Amino acid sequence: MAETDATIGDTYPPPHHVLRALGYSVVHRPDLTSTARLSVGPHLLGGSGEVATGALATLVDATGGGLAALAARPDWIATSGLTLHLYGPVRAEHVAAQARVVRRGRTTVVLAVDLLADADRPVGTATMTFALLPRRDANPVMPVLDRPVHHGFAPFDDTPPPDLDTAIGVEVGPDSARAPVHPFVINTLGAMQGGVVATLIARAATEAATRRLGDPTVCVDLAIDYLALGKHGPVRAEAHPVRTEPEWVQSEVAVHDEGADGRRTAVARAVAVRTGREPRR
Amino acid sequence: MRPAFDDPDAGRALARHVGIDLHEITEAGGPIRISGHCPAHAGTRDPHGVVHSGVITAVADIAAGIASGLASLPRWIVSTDLLIARLRTAIIGPIGIDAEVLRVGRTVAVTRIRAIDEGAGDAPVAVGSLTASLLTPEGGPPDHARPFRLAPIGPPPEAPPSIREFFRLTHDDPAPGLVRLDLEDHLRNPWGILHGGATAVLVAETAEHAARRHREGRWYAGDTVLHFLSPARVGPVVGHAQVLGERVDGTVVGVNLRDAGAEDRLVAEAVVTVRRP
């Protein structure tokens with residue numbers, strides 16, 4: 001079956017946007033499965049050479065959001081949850097996300113997303129949940145797919161992208177991370193994209209773990225409940241460790257929109273592990 | 001389907017087995033909040049004496065479900081996603097539980113859950129959240145007096161049935177599947193389907209059993225992401241599992257539950273990080 005090129009719209013994503021920085025491309029199929037890919041450049045690597053957890057969460061979020069919107073039609077969706085479970089720090093040149101609809105009910109859509117490194121190596125799994133909402137006139141009209149549709153977001157120019165945190169504008173503090181809401185990070189509703197929120201959560205959890213373990217850490221597990229859109233910014237994620245072990249730290253993370261009277265926009269749990277350690281055998 | 005909300009015994013067997021005692025502590029103008037505790041008696045513990053992770057998740061589901069429902073009135077809720085991180089293995093008990101509604105939207109309610117070990121200086125036991133879908137039940141929502149109260153019936157039993165006895169769990173029989181739950185009436189909720197708490201117990205039991213097969217020794221379900229997908233009405237409900245990956249903090253196990261009596265209908269999917277005690 002031939003794939004067709006298509007664009008989501010004339011204005012989204014803007015020229016300098018996180019999806020372009022990921023080199024993100026996706027194929028949505030009539031059977032309501034999707035496969036998305038990102039090319040791992042140096043700007044997507046964390047401090048220990050692993051693919052940044054935020055980049056992987058953004059890959060999952062963008063892929064799941066597109067697929068859920070197709071599955072939900074004629075209704076519209078609001079993301080209510082994202083979980084990401086990596087099997088360790090991910091080291092790869094390419095990462096693919098294979099998404100499928102687990103359930104499309106009257107009120108919710110549930111997706112499962114498998115992450116594969118370099119074509120066939122499983123490196124993680126994710127789930128996303130969406131609440132179904134009556135479609136409003138302002139919502140995009142999603143097509144009925146009769147053939148695979150391809151979206152690709154190439155970098156807007158040849159300028160090498162800065163590392164993801166710099167491009168997002170992440171400011172790191174003790175056990176926290178914050179970033180402004182600006183065109184690079186927005187979703188179609190003009191709010192901070194869910195994957196970018198996940199990026200802040202992962203950074204906050206990592207900061208908290210690194211401070212307690214005294215070594216670099218990487219976030220390998222996220223469970224996020226989205227409560228409200230972060231439209232104003234800065235959006236701030238603050239981690240509160242609830243369990244500290246010699247090799248890992250588990251935190252609760254609260255996310256607030258500081259520009260909206262500190263409105264709580266998400267709550268999460270996250271696990272960050274010391275890097276450079278092999279799984280026990 | 002019309003839920004049996006007017007029957008005070010319908011769907012209460014699980015809550016009575018664990019001895020949960022809940023009361024509403026909502027403050028004027030504040031979010032709906034449910035607090036309570038359960039005794040962590042022998043009937044909530046595994047053969048090694050460890051409180052079963054599924055029981056902790058079940059208690060969380062009960063408390064957060066009530067809080068979500070009260071916050072959604074005049075509608076009611078069904079659980080859709082339960083995310084729980086277990087923070088400690090050794091629990092003296094009683095287990096304290098606190099459920100606070102964070103958000104009620106047009107179609108979804110989100111409730112935060114915290115559990116502590118009241119016998120160990122209120123040490124944190126678990127944190128998590130319940131997401132529930134709002135619906136309008138046929139016949140209306142349950143008619144609970146406010147502030148809400150769910151009291152146990154009498155003291156904890158001296159010789160309660162074990163986890164496996166109460167939840168009708170059998171292992172490796174029949175194939176395929178790892179753990180089977182026979183869907184007897186006491187494991188149903190007021191809607192007449194498998195109780196969310198019993199679903200959580202089967203998920204935890206299946207994940208732990210898969211981990212033991214993968215690598216010998218004792219395991220417990222640490223972090224659980226549970227998606228309720230469709231009701232189990234017939235049974236037996238069979239748990240299948242696959243070890244997905246290993247990390248320094250535990251082993252990641254994918255679990256799905258199917259209603260074998262309803263053409264293997266997919267009931268729930270979960271991702272569980274199992275850990276060593």
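Me: Where is the place of B:D122?
Reply: B:D122 sits in the loop between β5 and β6 of chain B. Keep in mind that this is a predicted model.

Me: How do I read the backbone there? What is the phi of B:D122?
Reply: Start with the general idea. Most residues other than glycine have a negative phi, and most peptide bonds are trans. Now the case here. B:D122 is not a glycine, yet its phi is positive, about 65°.

Me: Is B:D122 buried or exposed?
Reply: B:D122 is exposed, because 10 other C-beta atoms lie within 10 Å. The cut-off for exposed is 12 or fewer.

Me: Now peptide bonds. Which residues does a cis peptide bond join in chain A?
Reply: The general idea again: most peptide bonds are trans. In chain A, the bond between A:G233 and A:P234 is cis, with omega about -5°. A:P234 belongs to the loop between β11 (217-226) and β12 (235-244) of chain A. In chain B, the bond from B:L73 to B:P74 is cis, with omega near 10°. B:P74 is in the loop between α2 and β3 of chain B.

Me: How do I read two packed helices? At what angle do α2 and α4 of chain B pack?
Reply: Two packed helices are described by the angle between their axes and the distance between the axes. Take helix α2 (residues 53-72) and helix α4 (residues 196-214) of chain B: the angle is about 155°, and the axes are 8 Å apart. That angle makes α2(B) roughly antiparallel to α4(B). The crossing of α2(B) past α4(B) is right-handed.

Me: Which residues make the contact?
Reply: From α2(B), they include B:S53, B:V55, B:A58 and B:I62. From α4(B), they include B:G196, B:A200, B:V203 and B:E205. By type, this contact has 7 nonpolar, 6 polar and 2 charged residues.

Me: At what angle do α2 and α4 of chain A cross?
Reply: Helix α2 (residues 53-72) and helix α4 (residues 194-213) of chain A cross at roughly 155°, and their axes come within 8 Å. The two helices are therefore roughly antiparallel to each other. α2(A) passes α4(A) in a right-handed crossing. Among the residues that meet are A:T53, A:A57 and A:D61 in α2(A), with A:G194, A:A198 and A:R203 in α4(A). This contact divides into 5 nonpolar, 6 polar and 2 charged residues.

Me: Which residues touch the most other members of the largest nonpolar core?
Reply: That core has 180 residues, and A:I201, B:V59, B:A60 and B:A63 touch the most other members. α2(B) gives the most to this core, 12 residues. Beyond its neighbours within four places in sequence, A:I201 is in contact with residues including A:L222, A:V253 and A:A270.

Me: Is B:I56 buried or exposed?
Reply: B:I56 lies in helix α2 of chain B. B:I56 counts as buried, because 31 C-beta neighbours lie inside 10 Å. Leaving aside neighbours within four places in sequence, its contacts include B:V51, B:I84 and B:A126.

Me: Last, how many residues of chain B are in contact with chain A?
Reply: 33 residues of chain B are in contact with 38 residues of chain A. On the chain B side, β6(B) gives the largest share, 5 residues. That side divides into 14 nonpolar, 10 polar and 9 charged residues.

Key. Residues numbered from 1 in each chain as written. Chains lettered and ligands numbered in written order. Predicted model: local features only at pLDDT ≥ 70, side-chain atom pairs only at ≥ 80, totals over all residues. Contact = placed C-beta atoms within 7 Å. Helix = DSSP H or I, 4+ residues; strand = E, 2+ residues; numbered from the N terminus. Nonpolar A, V, L, I, M, F, W, Y, C, P; charged D, E, K, R; others polar. Axes fitted to C-alpha atoms, helices over the stretch in contact; angles between N-to-C directions. Parallel < 35°, antiparallel > 145°, perpendicular 65-115°, else oblique. Left-handed = near helix turned anticlockwise from the far one by under 90°. Core = buried A, V, L, I, M, F, W, Y, C linked by C-beta atoms within 7 Å. Buried ≥ 20, exposed ≤ 12 C-beta atoms within 10 Å, placed from the backbone.
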